[in-house]
Amino acid sequence: MMVFNILTDGFFAALAAIGFGAISDPPLKAFRFIALLAAVGHACRYCLMNFLDFDISSGSLVGAAIIGFGSLWLGKRVRTPMTVLYIPALLPMIPGKFAYNMVFSQIMYLQSLDIPAQRAIYMEMFFSNTMVTCTVVFMLAVGATLPMFIFPKRAYSLTRQKL
């Protein structure tokens with residue numbers, strides 16, 4: 001059952017990444033690598049969070065780093081920039097539940113301006129969800145761009161011909 005959950009998580013992340021990739025119109029040969037990167041990165045975050053008790057931001061950092069290094073490695077095979085591969089692969093990892101709850105608590109706060117007790121609850125929910133959302137998005141950006149800073153020449157040379 002545990003393996004099924006991991007594979008299901010990776011499968012649905014791959015499907016979402018293919019959809020996000022279709023918006024940016026990458027080469028057709030890039031779609032399988034986008035799906036692979038999304039599946040591996042998301043499944044890695046799932047395993048870290050559920051089996052090793054990582055928090056969502058640390059798990060996202062590791063998953064994004066795997067996607068980033070994978071896009072550096074696979075970008076050479078597809079002859080596309082890293083960003084074509086890693087941006088659609090990262091999008092399924094954005095914490096939509098927390099972002100939704102952030103906006104929801106803000107709306108509820110504005111609707112309960114006359115009730116101080118409820119206002120305090122919604123304000124706490126807003127800041128908590130905002131902190132999680134912003135931290136995870138930041139960690140996704142750091143993890144995915146890490147390979148560019150470690151291997152700047154290699155990241156630049158992915159689409160260049162050898163002379």
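A contact is defined as heavy atoms within 4.5 Å. Among contacts in the protein chain between residues at least 6 apart in sequence, 75% join residues at least 24 apart. The model is predicted, so local features need pLDDT of at least 70 and side-chain atom pairs count only at pLDDT 80 or more, while totals for chains, interfaces and linings use all residues. Residues are numbered from 1 along each chain as its sequence is written, and side-chain values use heavy atoms, with hydrogens and water left out.

The protein chain holds 7 helices and 0 strands. Helices (H or I, at least four residues) and strands (E, at least two) are DSSP runs, numbered from the N terminus. The order of elements from the N terminus is α-α-α-α-α-α-α. Along the principal axes, the C-alpha atoms fill a box of roughly 70 × 35 × 30 Å.

Burial was assigned by relative accessible area: buried under 20%, exposed over 50%, partly exposed in between (1.4 Å probe, protein chains only). Of the 163 residues, 37% count as buried. Ser-60, in helix H3 (residues 56-78), is buried, with a relative accessible area of 0%. Ser-60 touches Arg-45, Met-93, Val-136 and Leu-140, with residues up to four places away in sequence not counted.

Accessible areas come from the Shrake-Rupley method with a 1.4 Å probe; for residues, only the protein chains shown count as cover. The protein chain exposes about 9,700 Å², and carbon and sulfur atoms supply 72% of this area.

Patches are made of residues with over 30% relative accessible area and no salt bridge; like charges are joined within 9 Å, nonpolar side chains (Val, Leu, Ile, Met, Phe, Trp, Tyr) within 5 Å. A salt bridge is a side-chain nitrogen of Lys or Arg within 4 Å of a carboxyl oxygen of Asp or Glu. A nonpolar surface patch comprises Met-2, Leu-36, Val-40, Phe-51, Leu-52, Phe-54, Val-62 and Ile-66, with about 660 Å² of accessible area together. H2 supplies its largest share, 3 residues. Val-40 lies in helix H2 and counts as partly exposed at 40% relative accessibility.

Lys and Arg count as positive and Asp and Glu as negative; His and the chain ends are not counted. Charges are placed at NZ of Lys, CZ of Arg, CG of Asp or CD of Glu. The protein chain has 12 positive and 6 negative side chains, and the centres of the two sets lie 25 Å apart. Lys-29, Lys-76, Arg-79 and Arg-154 form a positive surface patch. Lys-29 sits in the loop between helix H1 (2-24) and helix H2 (31-51). Lys-29 is partly exposed, at 44% relative accessible area.
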